[in-house]
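Please read the following report alongside the sequence and the coordinates.

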Amino acid sequence: MSCHDEDCTTEHGPAGQSKLESFLFSCELSSKVPFYTFQGDEEEDLEHFLELRTICLGEGAKEESNVVEVTAMNHQGKTVSVPIANLHISCLPMVSLGEFELKAPVTIRLKAGTGPVTVSGLHLIASEVEESDNMSDDEDDDEDEEEEITPIKPAKKKQ
């Protein structure tokens, strides 16, 4: 999913039964603030995801390796830490991660180097769409379709 605004909403039909909202996300890591933990709200019907897009060195970065690591849950529910970028001002000041999506909670850490390193992406919030809302919309759509598809009878010939 790609959005160019600060927030974007996508609704899925009856098969998906979910609503997805996205918001701009950014954090800066440095020797003063070496980690950031992304957590969603504790509401039952919402799932929070962090979609990382880019990691780049900021102004004033030194000639050193800056290693960025994420810690999140794997498919078995175990916490794992994985380095995702090794940036250097002279040869790799920025990396694009595509659409690297992780379910909250996620900790982003500057494992090596002093930064500053900016991590950016999207905060995705998935929520269930209530069936009563879906049903009323579907019924309205069905009525519109019936009106549009009324068959046309041929004209009667005069004798």
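Predicted model: local features only at pLDDT ≥ 70, side-chain atom pairs only at ≥ 80, totals over all residues.

Residues are numbered from 1 along each chain as its sequence is written, and side-chain values use heavy atoms, with hydrogens and water left out.

**Overall fold**

The protein holds 1 helix and 9 strands, where helices (H or I, at least four residues) and strands (E, at least two) are DSSP runs numbered from the N terminus. Read from the N terminus on, the order of the elements is β-β-β-β-β-β-β-β-β-α. Of its 159 residues, 31% count as buried; here buried means under 20% relative accessible area, exposed means over 50%, and partly exposed lies in between, with a 1.4 Å probe and protein chains only.

**Nonpolar core**

In soluble globular proteins, nonpolar side chains tend to be buried together. A nonpolar core is taken as a set of buried Ala, Val, Leu, Ile, Met, Phe, Trp, Tyr and Cys residues joined through side-chain atoms within 4.5 Å. The largest such core has 22 residues, of which Leu52, Ile55, Val68, Ile108, Val117 and Val119 touch the most other members. Two or more residues of this core come from each of β2, β4, β5 (66-73), β6 (79-87), β7 (94-103), β8 (106-112) and β9 (117-128), and β4 gives the most, with 4 residues.

**Aromatic rings**

Rings of Phe, Tyr and Trp (its six-membered ring) are paired if their centres lie within 6.5 Å, and planes under 30 degrees apart count as stacked, over 60 as edge-to-face and the rest as tilted. On that basis the whole structure has 2 aromatic pairs, which are set out below.

| Pair | Centre to centre | Angle between planes | Class |
|---|---|---|---|
| Phe25 and Tyr36 | 5.7 Å | 55 degrees | tilted |
| Phe25 and Phe38 | 5.9 Å | 80 degrees | edge-to-face |

Phe25 lies in strand β2 and Phe38 in strand β3, so their pair ties together parts that are 13 residues apart in sequence. The pair of Phe25 in strand β2 (residues 18-29) with Tyr36 in strand β3 (residues 35-38) likewise links distant parts of the chain, 11 residues apart. Phe25, Tyr36 and Phe38 form one aromatic cluster.

**Largest pocket**

On a 1 Å grid over the protein atoms alone, a pocket is an open set of points, where a 1.4 Å probe fits, with protein on both sides within 12 Å along at least five of seven lines, and lining residues have an atom within 4 Å of a point. Grid points are joined across faces, edges and corners, and a volume is the space filled by probe spheres set on the points. The largest pocket has a volume of about 160 Å³, and of the 11 residues that line it, Gly40, Asp41, Glu42, Ala104 and Pro105 are the closest to its centre. Strand β4 (residues 46-57) gives the most to the lining of this pocket, with 3 residues. By class, the lining has 3 nonpolar, 3 polar and 5 charged residues, where Ala, Val, Leu, Ile, Met, Phe, Trp, Tyr, Cys and Pro count as nonpolar, Asp, Glu, Lys and Arg as charged, and the others, Gly among them, as polar.

**Cis peptide bonds**

Most peptide bonds are trans. The bond from Ala104 to Pro105, however, is cis, with omega near 5 degrees, and Pro105 is placed in the loop between β7 and β8. Another cis peptide bond joins Gly115 and Pro116, with omega about 0 degrees; Pro116 is found in the loop between β8 and β9.

**Cysteines and chain contacts**

The structure holds 0 disulfides, a disulfide being a pair of cysteine sulfur atoms within 2.5 Å. Cys27 counts as buried at 8% relative accessibility, whereas Cys91 counts as exposed at 61%.

Ala85, in strand β6, is buried at 9% relative accessibility, and its C-alpha atom is separated by 7.1 Å from that of Val95, 10 residues apart along the chain. Val129, in the loop between β9 and α1 (131-148), is buried at 16%. Val129 and Ser18 are 111 residues apart in sequence, yet 5.1 Å apart in space, C-alpha to C-alpha.
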